[in-house]
Amino acid sequence: MPQTTPETLLPEGLTHTTMTERIAGLVLEPRARGRWRLAFAVSAALALMFVVCLGIVFTIGVGLFGVNIPVAWGFPIVNTIWWIGIAHAGTLISAVLLLTRQPWRAPVARLAEAMALFAIVCAGIYAIVHLGRPQFMQFLIPYPNTMDLWPQWRSPLVWDFFAISTYFVFTLGFLYFSLLPDFATLRDRAQSRGLQIFYGVMALGWRGSALHWARYEQVNRVLAAVAAPIVVSVTGIISLDLAVSLVPGFHFTIFPPYFVAGALFSGFATVSFLAVVTRAMFGLKDLITRRHLDYLGRMMLLFALVVNYAYIQEVFTAWYSGDPYQRAVYINRWTGPYAPAWWAMFVCNSLLVQLLWFRRVRRSPAMLLALAITGNIGMWLERFQIVFTSTYASYMPSTWGLSGPTLWDLLVALGSLGLFAFLLLAFVRLAPVVSMHDMRVSIHHAVHKEKSGD
């Protein structure tokens with residue numbers, strides 16, 4: 001296996017042929033690796049549990065969840081926002097790195113795009129669950145009907161439907177279009193007739209002609225340019241679910257940029273997690289190098305600092321507004337019954353993440369993996385404390401009431417993680433986990449740079 005130094009993005013001696021053989025071989029090898037089979041079996045079991053639990057919840061009712069009045073949304077909306085944040089960051093990461101021509105994007109861009117697609121699937125399912133009456137979800141869709149029933153356009157639930165569906169369609173197209181050259185490579189290298197037909201259909205007649213590449217590069221840049229405003233606007237719409245209300249703790253105009261920064265932080269944390277796991281599971285330590293991990297750690301730190309700035313602005317706004325109810329919400333977050341969630345969030349998102357200032361930590365797969373996990377836990381706790389601490393104690397003390405997770409909350413949440421892992425593991429057996437096209441571009445630039453003596 002080619003050797004690499006900590007300061008290089010590509011291993012020495014890597015050529016177009018050896019790179020293609022390695023990446024395509026992960027998909028075309030007749031028998032999957034043992035680690036993949038074990039992970040796939042566990043994730044499949046969790047995904048099946050997710051389907052069964054949802055069937056039971058839809059049959060009996062969402063009363064199985066730990067929701068009550070005044071906390072009427074509970075864990076379903078927390079998990080919806082958490083999954084949406086991860087999903088939105090994936091496409092934005094890949095698109096922004098493409099537009100800015102970052103040379104280190106090649107091994108991690110495909111992971112980010114796949115992560116975005118499968119996370120939005122989980123978010124869409126949770127969005128249906130948190131409706132409360134999912135059997136009437138069709139009323140969110142504007143379709144011609146004889147009874148003249150139309151969506152309530154002032155309802156954030158309708159905004160969520162259009163935001164999630166729009167983002168799902170865009171993400172699916174963005175990922176599939178980026179796969180076309182790689183599908184053609186798999187078509188040409190496949191040995192069995194069935195795989196040749198399958199990847200031939202998926203490649204849509206790709207021949208690798210100059211015209212095809214010109215159209216590909218043009219459309220790819222256009223999609224990347226469109227991705228940024230779509231992701232920012234969709235994330236902003238999700239944040240408005242809370243900000244348009246008059247509930248203390250929800251009503252903040254800073255929420256749209258705050259949620260975008262939080263999504264990017266959790267997104268880079270998830271990509272870091274997937275990069276560490278992928279390089280260990282498939283032996284890609286020379287393609288996804290420690291320098292790539294270093295860059296991912298830097299991006300995590302950057303957006304963690306933006307999130308921390310938003311925390312400070314929240315507290316400042318609550319005090320500067322002079323609204324006693326806003327102040328009471330924050331004092332209650334620090335000292336009330338849900339205070340452990342706020343302080344755990346503070347530790348994960350504000351204290352532990354400061355370790356990323358150190359180069360040794362960023363380049364350590366184990367340390368980066370641990371910080372990626374704690375970062376995602378912290379972002380989940382952030383959504384938890386926003387939803388719960390803002391609603392459990394309303395203006396009338398007689399309506400106050402605590403809410404906690406039930407067994408069904410935990411099973412469905414664990415099952416959604418299993419579904420995400422199941423879809424991602426199935427994807428890496430059907431398509432290259434690393435973009436061969438982007439790697440060829442990186443190799444070409446590296447060779448050109450070496451010949452020019454730069």
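Q: Buried means under 20% relative accessible area, exposed over 50%, and partly exposed in between (1.4 Å probe, protein chains only). So why is Thr18 called partly exposed?

A: Thr18 has a relative accessible area of 31%, and since that falls between 20% and 50%, partly exposed is the label. This is a predicted model, where local features need pLDDT of at least 70 and side-chain atom pairs count only at pLDDT 80 or more, while totals for chains, interfaces and linings use all residues. Residues are numbered from 1 along each chain as its sequence is written, and side-chain values use heavy atoms, with hydrogens and water left out.

Q: Which helix holds Thr18, and what makes a stretch a helix here?

A: Thr18 sits in H1. Helices are DSSP runs of H or I with at least four residues, numbered from the N terminus; H1 covers residues 16-28.

Q: Why is H1 called roughly perpendicular to H5?

A: The axes of H1 and H5 (residues 156-189) cross at roughly 80° and come within 11 Å. That makes the pair roughly perpendicular, because the label covers 65 to 115 degrees (under 35 is roughly parallel, over 145 roughly antiparallel, the rest oblique). Axes are lines fitted to C-alpha atoms, for helices over the stretch in contact, and angles run from 0 to 180 degrees between N-to-C directions.

Q: How do you know which residues of H1 and H5 meet?

A: Contact means heavy atoms within 4.5 Å. On the H1 side that picks out Thr20, Glu21, Ala24, Val27 and Leu28, and on the H5 side Thr185, Leu186 and Arg189. By class, that's four nonpolar, two polar and two charged residues.

Q: How do you know which residues line the largest cavity?

A: Lining residues have an atom within 4 Å of a grid point. There are 13 here, and the closest to the centre are Arg105, Glu113, Ser178, Asn220 and Asp438. H4 gives the most, with three residues.

Q: Why is the lining of the second largest cavity split into six nonpolar, one polar and one charged residue?

A: Ala, Val, Leu, Ile, Met, Phe, Trp, Tyr, Cys and Pro count as nonpolar, Asp, Glu, Lys and Arg as charged, and the others, Gly among them, as polar. The lining is Tyr258, Tyr311, Glu314, Val315, Tyr330, Trp342, Met345 and Gln385, so Glu314 is the charged one and Gln385 the polar one.

Terms used:
Helices (H or I, at least four residues) and strands (E, at least two) are DSSP runs, numbered from the N terminus. On a 1 Å grid over the protein atoms alone, a cavity is a set of points where a 1.4 Å probe fits but cannot get out, and a pocket is an open set with protein on both sides within 12 Å along at least five of seven lines; lining residues have an atom within 4 Å of a point.
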